[in-house]
Amino acid sequence: MTTTLPEPSAPTPEQNVPRTAPALSGNAADLSVWPASARLAPRGDVAVGGVSLVEAAERFGTPLYLLDEREVRERCRTYLRSFPDTDVVYAAKAFLCRALLHWVREEGLGLDVCSAGELESAVTNGFPPERIVLHGNAKSPDDLEAALRLGVGRIVIDSAWEIARLSALVPHGARQKVLVRVVPGVSAGGHAAVRTGTDDQKFGLSIADGSARHAVARILGQPRLELAGLHCHIGSQITTAKPYLTALRRVVGLLAQIRDQHGIVLPELDLGGGHAVAHRPGETALDIPSLGARIRRELAENCAAAGIPVPRLTVEPGRALVGPAGVALYRVLAVKRTGDRAFVAVDGGMSDNPRPALYGVRYAPRLVGRRSTAEPRTATVVGRHCEAGDVLAADAAMPGDIRPGDLIAVPVAGAYHLSMASSYNAVGRPPVVAVLDGRARLLVRRESLSDINSRDIGL
C-alpha cells in the first residue's frame, strides 16, 4: 500500500533509544510512546512508517497489528552500540514470526527460545542454532531432544532435575554447553507476576541456600555437559539499573566461589532482560545506553576485585526491541454510558491482548481517522468477550463524542500481545502487517474460523 502522505525522515539512533517520554505540546504529546516514524496526518489520521492507519485498517481490516520494521532494527542497533563485545539475544517469547527472525538475524542478534516449537520455527527458517539459547523452568523431553538434535548453542539449566535428564540424552562422544540459571535474591519488576529474581517463584536455583553451587558441582561431574557460565533474569518492566547491578555483584561473587572451590573460571555471564518500556506518555523507559555503560563498568570492577577475568556478557531484550514498534488498531462497536462512566467496546479484546487482565498494564489508546472537538472524557476501552475482566485500557482519555465505527489505535503493542493470544469465543487472532517507507506488507494472516475448526476432528 502506498500513501500520498509525505514519507518520514529516517530516524536517528537517538530517536530510537528506549526513552522517557518528552514533554510535547498538543496532540503530538500523545505520540511520544509511538514508533519514531509516527506522524500526525490530515483529518486526525496518524501515519506509521509512512503508512496511514486509516488506509491500513481499510485494506487489512480490524483488529490489526502494525509492526514498524525500521523501529525494530534501530532498537537492535541501539543495543549493539550500548553493549559492545556483548551477545545481544532477542527473547522470542515477546513475539515471533518469520520476518522478525530475519530482521534480528540481519542485525546481528542471537535468539532466546523457550520451547521446541519456538526452536524449530527459528531453525527451519534459517536462524543459526549455535546462536540460540534454550530456556524453560520445566523443559519437556521433546524440548531437550530438539535442542540436541538441532545443535542449540546453550541450554539453561533451571532445576537440579534437568542435569541428569539432559546428560542422558547427549549422544556418546558429544558435549552440550549449558548455563546455570541462578536466583540472586533481587526483587525487581513492574508486577508481582513478573518478578523472577527472588526465591519465592518457580525459576532458577538459589544462591542464598546453596542450590546453585550444588548444581554447578553436579554439572562438573557430568562428562557430556560443558558448564559455560551462569545466567540470571530478575524480572520484567524494570526501570532503573540498580537491581541489575545488585544482581551482577552477587553473581560475580558466585563466579569467584566456583573458582575457589573447583579451580575453574567460567567464561560466560548472561544477565537476561526485562528492560522497561513506556506504555503511556510520561512513563519512564529504561535508558539502555546508560544501562550498558553501568553494567560493563560494574562487571569490570567486581571481577577485578574478585581476581577473575571478565566473562563474556549476554543480554536478552525482548519487549524493549519490539514492544514500542507495534500499534494495534480496533474498530469501535458500541459505546455505553453508565452514570459518570463510559465503556467503549471494540472488535478485539483479551483474545489478542490478555496483558491488562494478567498484569494490569495500562495503555494510551487514541482516536484516529477523524478530528474531534469534543471535550475528553475518561472511558474504559473494553473488548468483545464474555468476561468482565476483558478490559484493554482503563481510565483512558477518549473524546466525549466517541461512537461506533470510529478507529482506535493502541501504541506499544508489539510485545506479548499476539504471542499470548488465543481464539477465545472462536474469535480468530488478528493479522500482523509490517510497515516501512510508505508500504505495508502482510506478515501473519488473520486466523479464520476454518483454521479454528480444522483442529476439531472427532465426534
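This is a predicted model: local features need pLDDT of at least 70, side-chain atom pairs count only at pLDDT 80 or more; totals for chains, interfaces and linings use all residues.

Reader: Okay, what makes H9 and H10 roughly parallel to each other?

Author: Helix H9 (residues 242-262) and H10 pack at about 30 degrees, with axes 10 Å apart. The cut-off is under 35 degrees, so H9 and H10 are called roughly parallel. H9 passes H10 in a right-handed crossing.

Reader: Which residues of H9 and H10 meet there?

Author: From H9 you have Tyr244, Leu245, Leu248, Arg249, Val252, Ala256 and Arg259, and from H10 Leu291, Arg294, Ile295, Glu298, Leu299, Asn302, Cys303 and Ala306. By class, the contact of H9 with H10 has 10 nonpolar residues, one polar and four charged.

Reader: How do you know whether asparagine 302 is buried or exposed?

Author: Asparagine 302 sits in helix H10 (residues 288-306). Its relative accessibility is 19% and buried means under 20%, so asparagine 302 counts as buried. Setting aside neighbours within four places in sequence, asparagine 302 is in contact with Leu248, Arg249 and Val252.

Reader: And why are H8 and H9 called oblique?

Author: The axes of helix H8 (residues 211-220) and H9 come within 11 Å and cross at roughly 45 degrees. Roughly parallel needs under 35 degrees and roughly perpendicular needs 65 to 115, so H8 and H9 end up as oblique. Their crossing is right-handed. Ala212, Arg213, Val216, Ala217 and Leu220 of H8 make the contact with Leu254, Gln257, Ile258, Gln261 and His262 of H9. Sorted by class, the contact of H8 with H9 has six nonpolar, three polar and one charged residues.

Reader: Switching to rings: what makes the aromatic pair of tyrosine 79 and phenylalanine 83 stacked?

Author: A search of the whole structure finds one aromatic pair. Tyrosine 79 and phenylalanine 83 are 6.2 Å centre to centre, with 10 degrees between the planes. Centres within 6.5 Å make a pair, and planes under 30 degrees apart count as stacked, so both tests are passed. Tyrosine 79 is buried, and phenylalanine 83 is buried too.

Reader: Why does glutamate 120 get its accessibility label?

Author: Glutamate 120 belongs to helix H5. Its relative accessibility is 27%, and partly exposed covers what falls between buried, under 20%, and exposed, over 50%, so glutamate 120 counts as partly exposed. Apart from neighbours within four places in sequence, glutamate 120 is in contact with Ala146, Arg149 and Leu150.

Reader: Which residues of H6 are buried, and what covers them?

Author: In helix H6 (residues 141-150), the buried ones are Asp143, Leu144, Ala146, Ala147, Leu148 and Leu150. The cover includes helix H5 (116-124), strand S7 (132-134), strand S8 (154-157), helix H7 (161-169) and strand S9 (176-183). After H6 comes glycine 151, with a positive phi near 75 degrees.

Reader: What makes valine 412 and tyrosine 416 worth a remark on phi?

Author: Most residues other than glycine have a negative phi. Valine 412 has a positive phi near 55 degrees, and tyrosine 416 has a positive one of about 60 degrees. Valine 412 is in the loop between strand S19 (407-411) and strand S20 (432-436), and tyrosine 416 is found in the loop between S19 and S20.

Reader: How do you know whether valine 412 and tyrosine 416 are buried?

Author: The cut-off is under 20%. Valine 412 has a relative accessible area of 2%, so it is buried. Tyrosine 416, at 14% relative accessibility, therefore counts as buried.

Reader: Last one: where is the cis peptide bond that joins threonine 62 to its partner?

Author: That bond joins threonine 62 and proline 63, with omega about -10 degrees. Proline 63 lies in the loop between helix H2 (53-60) and strand S4 (64-68). Most peptide bonds are trans.

Key:
Residues are numbered from 1 along each chain as its sequence is written. Side-chain values use heavy atoms; hydrogens and water are left out. Helices (H or I, at least four residues) and strands (E, at least two) are DSSP runs, numbered from the N terminus. Buried means under 20% relative accessible area, exposed over 50%, partly exposed in between (1.4 Å probe, protein chains only). Contact means heavy atoms within 4.5 Å. Axes are lines fitted to C-alpha atoms, for helices over the stretch in contact, and angles run from 0 to 180 degrees between N-to-C directions. Angles under 35 degrees count as roughly parallel, over 145 as roughly antiparallel, 65 to 115 as roughly perpendicular and the rest as oblique. A crossing is left-handed if the near helix is turned anticlockwise from the far one by less than a right angle, and right-handed if clockwise. Ala, Val, Leu, Ile, Met, Phe, Trp, Tyr, Cys and Pro count as nonpolar, Asp, Glu, Lys and Arg as charged, and the others, Gly among them, as polar. Rings of Phe, Tyr and Trp (its six-membered ring) pair if their centres lie within 6.5 Å; planes under 30 degrees apart count as stacked, over 60 as edge-to-face and the rest as tilted.
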